Structures are given as C-alpha cells and as structure tokens.
Amino acid sequence: MKNKFDLSNSSYKFADNFYKALIAPIVCFILAIVFACTLGFNKGLDYTGGILISVVAGTETKLDDKETYKSFKSKVDEVLKENDVKGDVYSVEVNNLEEYTMVVKFAFNGTKEQTDSLISSLKSGLINKFYSESSEADIENNNLVIVANFGGCVDTRIVITAILATLIAVILMCIYIFFRMGLNASILSIVSAIFNNLFAISVILIARVQITYASIIVLPFVSVISVLFAFIYLRKAKAILKTTDKYDRLDNKVLANDAVKQTINAQVFVSSIAAGCALIFGLFNICNSVMFVALALFTCIACALYTNLMLLPGLFAKTFIRKVKRNKPVKEKAKENKLTEEQIMKETDLDNLVSN
C-alpha cells in the first residue's frame, strides 16, 4: 500500500484530454482581448512616465526601520489622497549627505496646466506635512521636498530588441533540437513557445500586471523555458520508444501519456522552486516594480508548466509520425500457417517424384 500519491503513476490521460485542457487557455485569450479593448494596457511608469516625489527624512530618521518607514509613508499617502492620486512605486534612497529619502512615483496623463497645478499642490502639501517650521529658502536650498514630472525610460526600440533576442535564442535552440530529434520535434517546440507566450501575456493582461515586464521579461523567459520543457519531454518520449517494442503495436496516445508521467515530477519540482524564488524575491522588496517582475516570472512559469503537461502530449500524439504494427487476427494467422504447411507438403512430394 502506498503512503503518498505519486504523480508519475497517475491514471490521468493527458493526451486524451487535450481538447478539455484547451478550454482554460482559450478562456484566457478571450478575456485578455476583452480587457485590452475595455480597460486598455497597464503600461506602467517605464512606458508612460509620470510624477516623482522626493521627501528627505534626514539623518536622524532611519527609513530602513519598518515602523518608521510605515509612519513616513502614511504621511505621504495623506497628501496624495488629498490630491486624488495614488503612489505606484515607493522606494528609499540615501543621498551623498547620508540622508534617508522617500521617493514616490505615479502615472499622470493630464495636460501641462493640470500637471503644473498638481505639482504645486503636492509640494505645498508635503511642506506643510513635514517642514511647516522650516523656511522656504532652506527647503529649496537643501532640496528637502522635490516634486517634478519625468518621462518614460522604455521605448519601442527596447521592446523590439528584446523580441529579436528572444527570436534568435528560440531559433538556435530549435535548430539544435532539429539535428538531435528531427523536424517534428523542432516544430512542436516552436509551437509550444508561441502558445506559452500568448497564454502568459493573456494572464498578465487579465491580472493587470504592467506590460513593461510582459514584453521585456516574460517574452524571453517563457520562450526559453518553453523550448527547454518541450525538449525534455520529447527526448523522454523518443528514449522510451527505443527501449522497448511494446509501443510498436500501441496508439501514440499511450506513448505520449507514458512520457509525460515519467517527466512530470521533475518538471513540477523545478517549476515550484523557480516560482517560489520569484515570489520570495518580490515579497521581500519594498519597490512595487520588483513585485511586478516576480508576478510576471511566476505567471510565465505556471503557464509553461500547464502547456507542457496538459497540451504538449496531445500535440505530440497527433503529429508524431510512425508506423504502428497491428497484431493480425487469429484467423489470418491460422490461414497463413495452413498455407505454409500445404506448400511444404507439395514441395516434399515434388522432391520425391524427381528423385524417383
């Protein structure tokens, strides 16, 4: 009696349930299109730019302490709330005077007059909240409160470069797979990478994760991991096909299911470690952008694992070309055996006649 459930011995028919497994990605594709048309893209500050706020806490106020940070942040949030805006990115910096500074960034797409008015209102509110007793000259000379607009740091060229680099990496990996395992395996790897990218970006659009990290981080990472997962699976399928001849008389679905059952534990283990590291990386950082990176990485790992386990076996079973040897019916075998015996008797009689 087994004490624990072993995934490798699961009776789940991966290849047989291919069309059922397609439901989740298709639903995500449709929802992503609806979200993109109605809500637009969450481009993030790296694309759109916005307004930056810098408030110096001084050398005595240590913002690396969590309680002090929360107290300081709550005061900044009060000023933002009074002006009907919300900070998207918070971080702590230390200047050349070793003074701790709270830095806040948020997107704002108003006109120049609206932007100037908001900057003036935010600056006066922060001065009243933190430096009401200081002179205006002292605040300006020491840059204690700075509110200014900034532009985006990511443009179309960076996105195009990321896509080209990803495309080159995928093509080189698929060429290697082609020489090692054939054309069918390389095509399946490309299909898996394309499908995973669409799946991961759809989930990111639904979750409203910033598209910056989807284009620059998810595309390269999910493409490489998709091809690697596909290579592991296809290599195992070809390996077990060579080790035994039992699959010569069985349908491709049996081979596809057995291959995924022999690789599922390793893939789940590797994916769990990678996803866990990504989430820990995001949870233990103050900056929201780091959390978006972690969420994007987690999403692409989950999507790649789902596609490789639930969809790739079905695609492999449908596209893998080989001759399946069928067992001949008993009657045909008996007929062949009977004909063979009759031929032997005739040949024997002919030999006897010639010798006589």
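Tutor: Let us begin with a definition: a residue is buried under 20% relative accessible area, exposed over 50%, and partly exposed in between. Please bear in mind that this is a predicted model.

Student: Why is Glu140 called partly exposed?

Tutor: Glu140 has a relative accessible area of 40%.

Student: What makes Glu140 and Lys123 a salt bridge?

Tutor: The rule asks for a side-chain nitrogen of Lys or Arg within 4 Å of a carboxyl oxygen of Asp or Glu. For Lys123 and Glu140 the N to O value is 3.0 Å, and the pair therefore meets the rule. The pair links distant parts of the chain, with Lys123 in helix α5 and Glu140 in helix α6, 17 residues apart. Lys123 is partly exposed as well, because its relative accessible area is 23%.

Student: How many salt bridges does this rule give?

Tutor: The count comes to four salt bridges. Among them is the one between Lys112 and Asp116, whose closest N and O atoms are 3.0 Å apart. Both residues lie in helix α5, four residues apart, which is about one turn of the helix. Lys112 counts as exposed because its relative accessibility is 61%, while Asp116 is partly exposed at 39%.

Student: How do you know that the buried residues of α4 lie on the same side of the helix?

Tutor: The buried residues are Tyr69, Phe72, Val76, Val79 and Leu80. They cover an arc of only 100° around the axis, and therefore lie on the same side of α4. On the other side, Lys66, Glu67, Lys70, Lys81 and Glu82 are exposed. The cover over the buried residues includes β1, β2, β3 and α5.

Student: Why is Leu183 called exposed?

Tutor: The limit for exposed is over 50%. Leu183 has a relative accessible area of 51%, and so it is exposed. Leu183 lies in helix α8 and is one of the residues that make a nonpolar surface patch of about 1,200 Å². The largest share of that patch, nine residues, comes from α7.

Note on methods: Residues numbered from 1 in each chain as written. Predicted model: local features only at pLDDT ≥ 70, side-chain atom pairs only at ≥ 80, totals over all residues. Heavy atoms only, no water. Buried < 20%, exposed > 50% of the residue type's maximum accessible area, 1.4 Å probe, protein only. Helix = DSSP H or I, 4+ residues; strand = E, 2+ residues; numbered from the N terminus. Arc of directions from axis to C-beta. Contact = heavy atoms within 4.5 Å. Patch = residues over 30% accessible without salt bridge, like charges linked within 9 Å, V, L, I, M, F, W, Y side chains within 5 Å. Areas by Shrake-Rupley, 256 points an atom, 1.4 Å probe, with all protein chains shown as cover.
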